[in-house]
Amino acid sequence: MFFIYRILINLIFIFSPIIFIYRIIKKKEDPSRFKEKLCFFSKRKLRGNTLWFHGASVGEIRSIIPLIEKLEKNKKINQILVTTNTLSSSKILDNLKFKKTIHQFFPIDTYYHTEKFLNYWRPSIAIFVDSEIWPNMLNNAKKRNISLVLLNARITKKTYNRWIKVPNIAKNLFNKFDICLTSSKKSKIYLKKLGAKKILNIGNLKFTQTDKDKNTLKNRLKKKLSSRKIWCASSTHSPEEKICATAHIALKKKYNNLLTIIIPRHVDRSESIMNEMKKNNLRVCLHNSNDKLDKNTDIYLVNSFGVTKAFYKVCKTVFLGGSLIQHGGQNPLEAAIHGCKIINGPNVWNFKEIFDLLYTYKISKKVKNSREITNEIDKTFLLKNNSQKVIFNIKRIGDKILNLTTKEINLLINKNEI
C-alpha cells in the first residue's frame, strides 16, 4: 500500500503544473509563493535550532498561536517554522508579526521533496497538528532522529475506520510519533488502537486564547451594527444559508431593524450565496466591497478571511454551521470564548466532547430546522450582554491546557538540547 501511495503522490507531482495553474486562477494559491511547495523557499534558515509546526489550514494554525507565543520566549529556540497547505492560513501568521516565527507552504509529499525540505530546514522537533499524517515526510524525519509530536490530535470515527483498513501501515506511521497529545478521550482510544505509543489526553488547544490577535471591526461598522438587532450564522455550508434566510424572514416580522450576518465556511461561495439571498428578495451587503450597510440591508455577507472573531465580539448569538447537514459540525470554541450563545444542528460528531461540555454549561442549544433557529434567536435577543461567566470558564480551561501542552513540548526541547 505504501508503494501505491508513492506512485500516486509522484503522479500528483507530475501533474502539479496544471494543478497550480488551476488553483492560481481560482485564487487558492499565491502566484509568488506556490514554488515553496516544490521546495523553492522564500525564507532562509537561521543558524541555530529550529522548531517546526505543521497544520493543514486556518483552524489548526489558530489553535497553536497561544503556544507559539509562549515558545517564542524560549531562548533555546532560534527559529520557529510553521508550514500549512492553504493560502488563507498563511495570511493569519502574516498579520501577527512574530519575531522568531516564519511561514512556508508544506511541500508535495514525495520522497525527493521531503528529503530536500528536511535537508534545508533541519528541524530538531517536528510537530504535526490535528490529524496531519504525511507518510514520506514522517519516514524521512524519523530516519534523521527528529522528535515527532502529534499535537492536539483528533481522530474521528470516520478517520479511524479509514486507517484500520490498512492496520500495518497505520501502526508503522503512528508509532513513529514520540508523543501524541490528544484533544479528546475518544481520540486517545483510537490512537492506541492504531499503534501510537505514548499518548496523553491534555485537552483541545482550541480552548486557548491569544493576546496577540487584536482583530476588531472598524468603529464606523461597529456603530452601525450596534443600532441593529443582529445575529450571526458562521461557518455555514450549503444549504444552511438558505435555512438561515428563512429564519431571518420570520424574525423580521417582529424586529424591523434585524440584520443577519453570514460568514460562510468557504468565502469563495459568496457570490452564489448572494444570488440565493436575492431570490428571497433580501438586500445583501458584502463586507469586503464598496457596498454600504444601511437601514434596508437584510444580510451582511462576510466575504474575507480572518475577521470571524471580530464579529463574535459584537454578536450575542451565533448559529454554527456544518451541523444541519451531514458534515459533523465546526468547532464552537471561538464563539464560546467570546461569550456568545451558540445554536447548532444535531450533526456535531466532529466535536462531540466539546459540544457536550457546552451543553452542560448551557452555552449551546441544539436545533433541527429554521423554525427552531428562529425561536432560539428570539430568546437570546432578551439577553443584555455576552456572558462574562462563560468567558471566564472557557479561559480557565484553556489556560490549563496551554500550560500542560507547553510543559510537554519543553520536556522534548530539553531532551533534545534544542
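Predicted model: local features only at pLDDT ≥ 70, side-chain atom pairs only at ≥ 80, totals over all residues.
1. Start with the open sheet of seven strands ordered β3-β2-β1-β4-β5-β6-β7. Its pairing is parallel. Two strands stand at the edges: β3, residues 101-105, and β7, residues 199-201. Each of them pairs on one side only. On average, neighbouring strands here are turned by 20° against each other, direction ignored.

2. **Inside that sheet.** Look at strand β5 (residues 147-153) and strand β6 (residues 179-182). They run parallel and are joined by four bridges. Helix α9, residues 185-194, lies across β5, β6 and β7. The angle between α9 and β7 is about 170°.

3. **The sheet of β8 to β14.** A further open sheet also has seven strands, in the order β10-β11-β9-β8-β12-β13-β14. The pairing is again parallel. The edges are β10 (284-286) and β14 (364-366). Each has a single partner strand, so one side of each has no neighbour in the sheet. Neighbouring strands are turned by 25° on average, direction ignored.

4. Strands β12 (residues 317-320) and β13 (residues 341-344) run parallel, with four bridges between them. Thr 317 stands opposite Lys 341 of β13. Two helices lie across strands here. Helix α11 lies across β8, β9, β11 and β12, at about 170° to β8. Helix α16, residues 370-380, lies across β8, β12, β13 and β14, at about 175° to β13.

5. **Helix α3 against α4.** Two packed helices are described by the angle between their axes and the distance between the axes. For α3 (residues 58-71) and α4 (residues 87-96), the axes come within 8 Å and cross at roughly 25°. The two helices are therefore roughly parallel to each other. The crossing is right-handed. From α3, the contact uses Val 58, Ile 61, Arg 62 and Ile 65; from α4, Ser 88, Ser 89, Ile 92, Leu 93 and Leu 96. By type, these residues are six nonpolar, two polar and one charged.

6. **Helix α3 against α17.** Helix α3 also packs with α17, residues 388-416, at an angle of about 50°. Their axes are 10 Å apart. The pair is therefore oblique. Pro 66, Leu 67, Lys 70 and Leu 71 of α3 take part in the contact. On the α17 side, the residues include Leu 402, Thr 406, Ile 409 and Ile 413. The contact counts six nonpolar, four polar and one charged residue. This crossing, too, is right-handed.

7. **Salt bridges.** Side chains of opposite charge can pair when their charged atoms come close. The structure holds 14 salt bridges. One of them joins Arg 154 to Asp 130, with the closest N and O atoms 3.4 Å apart. Arg 154 sits in the loop between β5 and α7, and Asp 130 in the loop between β4 and α6, 24 residues apart.

8. **Backbone points to check.** Most residues other than glycine have a negative phi, and most peptide bonds are trans. Where is there a cis peptide bond? Such a bond joins Ser 238 and Pro 239, with omega about 5°. Pro 239 is in the loop between β8 and α11. Lys 97 has a positive phi, near 55°. Its place is the loop between α4 and β3.

Conventions
Residues numbered from 1 in each chain as written. Heavy atoms only, no water. Pairing = 2+ DSSP bridges. Axes fitted to C-alpha atoms, helices over the stretch in contact; angles between N-to-C directions. Contact = heavy atoms within 4.5 Å. Parallel < 35°, antiparallel > 145°, perpendicular 65-115°, else oblique. Left-handed = near helix turned anticlockwise from the far one by under 90°. Nonpolar A, V, L, I, M, F, W, Y, C, P; charged D, E, K, R; others polar. Salt bridge = Lys/Arg side-chain N within 4 Å of Asp/Glu carboxyl O.
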